[in-house]
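Good morning, everyone, and thank you for making the time.

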Amino acid sequence: MKPKGWRGLPPGSVVTEPGSAARFKTGSWRTFKPVWIPEHCIQCLFCWMYCPDMAIKVKDGKREAFDYDYCKGCGICARECPGKKGHKAIAMEEEGK
Amino acid sequence: MGKIVAVTGNEAVANALRQANPDVCAAYPITPATDIMQRFSGYVADGLVRTELILVESEHSAMSACVGASAAGGRVITATSSQGLALMWEILFIAAGDRLPIVMPLVNRALSAPINIHADHSDGMGARDTGWIQLWSENAQEAYDNTLQAFRVAEHMDIRLPVMVCMDGFIISHCVERLEYLEDDEARRFMGEYAPLHPLLDIEHPVSYGPLILSDLYMEYKRAHDDVMAKVSNVVLDVAADFERITGRKYGLFESYRLDDAEIALVILNSAAGTAKDTVDEFRARGIKAGLLKPRLFRPFPYKGVADALKTAKAVCVMDRADSFGGFGPMHMEIASALMMNDRKPVLINKIYGLGGRDFLPEHAEHVLSELSDIAKGGKVRTFKEYIGVKE
């Protein structure tokens with residue numbers, strides 16, 4: 001894509017396309033990565049509720065894999081996860097290990 | 001045909017704001033601008049305007065509310081002075097950067113410390129680089145006329161920038177003058193209905209204001225802002241031509257007073273220009289070719305026009321009612337920049353006058369014109385910058 005010059009900009013840096021932030025992938029900011037362990041998951045959806053980046057996909061009322069394009073690795077999901085019988089269903093792993 | 005009245009500058013400006021019938025007004029009182037917002041809140045209470053009046057807790061909040069309301073899609077106003085403008089500082093840049101056509105009368109008053117409530121231009125000059133358009137007014141009639149025209153300039157689809165309309169505190173804001181109002185329907189026809197651009201309240205076309213723009217595009221937005229500023233002069237002149245058709249009152253980017261063949265000239269803003277014009281007349285009566293240039297549009301500054309208007313002058317004094325401590329006065333720096341475009345440059349000197357409401361008297365103008373007259377005849381320049389009317 002040709003880089004935008006100053007003549008093509010909307011006045012006042014207004015963003016006129018709704019939802020365009022979806023194209024701004026923030027997954028590369030992550031230093032720790034949440035990993036889902038399905039056998040410990042009780043499908044409470046706490047992770048989905050707490051995730052500030054909508055990086056947990058839900059289908060038919062059940063959580064699915066993380067969307068690593070947007071997960072910044074904040075770890076809130078892992079902290080809030082109640083797990084099953086003392087075993088959390090989300091573990092944080094250092095990136096690049 | 002208009003209506004002839006005897007009113008103060010504040011009353012005249014408040015009436016122009018009433019005629020503009022804005023959607024939102026955010027108000028916080030500060031001397032000497034308080035009267036404008038006080039009168040306007042009376043119009044709201046009396047149902048004379050359909051404005052939503054927001055009483056805020058500071059000028060920072062006033063300008064913030066203006067930014068939100070303007071982005072939402074309304075015609076928006078406020079008014080302030082001095083410390084109030086200083087407190088708006090951060091948000092002034094946002095209003096301009098977001099290209100929001102807010103109209104704000106600024107009743108010029110000195111800045112603290114020491115605290116002072118009287119006229120000088122340090123508040124408005126301090127907002128020089130905020131990206132706002134600035135119109136300056138010699139008297140109440142000009143303040144009224146400039147306010148009406150400000151809406152047209154700000155809201156023009158090629159411009160969409162906030163406009164500050166400046167007039168001198170107390171000298172103009174609180175003194176009664178004869179002036180001519182437009183009838184309401186005439187004023188409203190002139191200003192036109194507000195047309196929003198990218199309003200937040202248009203939920204069919206959702207938009208976001210205020211995104212983070214880093215080194216990849218920030219400079220392009222600034223370049224675009226400067227480009228819009230380059231279009232302002234023509235719009236100001238078009239609007240002035242329309243205004244002249246209705247009222248017979250002529251406005252340019254600046255006023256040239258007896259400058260055509262002038263050998264000595266004063267450059268002076270706002271109310272003191274009126275005083276100085278009388279002195280220019282006296283010098284002319286004595287056969288001395290004196291003239292005066294009174295800027296009206298200060299941002300963007302009409303460098304080329306000013307340089308042309310001063311081309312016959314041998315000696316020019318820029319009178320500043322504000323100082324850039326350790327530098328020349330702010331107006332002086334503009335005039336010096338303008339004159340650099342001319343092949344033949346006059347001697348240019350700078351006088352600082354009238355700070356904190358110190359009276360500017362005809363004898364001050366006379367003293368300066370006499371000094372210019374000596375310089376024009378080949379006399380030596382005693383000093384390039386000097387305070388006048390100051391107790392030594």
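This is a predicted model: local features need pLDDT of at least 70, side-chain atom pairs count only at pLDDT 80 or more; totals for chains, interfaces and linings use all residues.

As for the geometry, the axis of H9(B), residues 271-285, and the axis of H12(B), residues 362-376, come within 8 Å and cross at roughly 50°, which makes the two helices oblique to each other. The handedness of the H9(B) and H12(B) crossing is right-handed.

In chain B, six strands form an open sheet with mixed pairing, and their order is E9-E11-E10-E13-E14-E15. At the edges sit strand E9 (254-257) and strand E15 (385-387) of chain B, each of which pairs on one side only. On average, and ignoring direction, neighbouring strands in this sheet are turned by 20° against each other.

Within the sheet, strand E13 (residues 315-320) and strand E14 (residues 347-352) of chain B pair in the parallel sense, over six bridges, and B:Asp320 stands opposite B:Ile352 of E14(B). H12(B) packs on the sheet, where it touches E10, E11, E13 and E14 of chain B, and its direction makes about 140° with that of E10(B). H9(B), for its part, lies across E9, E10, E11 and E13 of chain B, running at about 165° to E11(B).

Which residues of H1(B) meet H2(B)? They are B:Asn10, B:Glu11, B:Val13, B:Ala14, B:Leu17 and B:Arg18, and their partners in H2(B) are B:Asp35, B:Ile36, B:Arg39, B:Phe40 and B:Tyr43. By class, this contact of H1(B) with H2(B) has six nonpolar, one polar and four charged residues. The axes of H1(B), residues 9-20, and H2(B), residues 34-45, come within 9 Å and cross at roughly 40°, so this pair is oblique, and H1(B) passes H2(B) in a right-handed crossing.

Stepping back to the domains, chain B is divided into domain 1, covering 3-181 + 213-247, and domain 2, covering 254-387. Taken over C-alpha atoms, the centres of these two domains of chain B are separated by 27 Å. Across the boundary, 28 residues of domain 1 of chain B are in contact with 20 residues of domain 2 of chain B. On the domain 1 side, helix H5 (122-126), strand E6 (133-136), strand E7 (163-168) and helix H8 (218-247) of chain B each supply at least two residues, and H8(B) gives the most, with five. That side of domain 1 of chain B has 16 nonpolar, eight polar and four charged residues.

Finally, between the chains, eleven residues of chain A are in contact with 17 residues of chain B, and the chain A side divides into six nonpolar, four polar and one charged.

How values were computed: Residues are numbered from 1 along each chain as its sequence is written. Chains are lettered from A and ligands numbered from 1 in the order in which they are written. Two residues are in contact if their C-beta atoms, placed from the backbone, lie within 7 Å. Ala, Val, Leu, Ile, Met, Phe, Trp, Tyr, Cys and Pro count as nonpolar, Asp, Glu, Lys and Arg as charged, and the others, Gly among them, as polar. Domain bounds come from an automatic or database domain assignment. Helices (H or I, at least four residues) and strands (E, at least two) are DSSP runs, numbered from the N terminus. Axes are lines fitted to C-alpha atoms, for helices over the stretch in contact, and angles run from 0 to 180 degrees between N-to-C directions. Angles under 35 degrees count as roughly parallel, over 145 as roughly antiparallel, 65 to 115 as roughly perpendicular and the rest as oblique. A crossing is left-handed if the near helix is turned anticlockwise from the far one by less than a right angle, and right-handed if clockwise. Two strands pair if DSSP finds at least two bridges between them.
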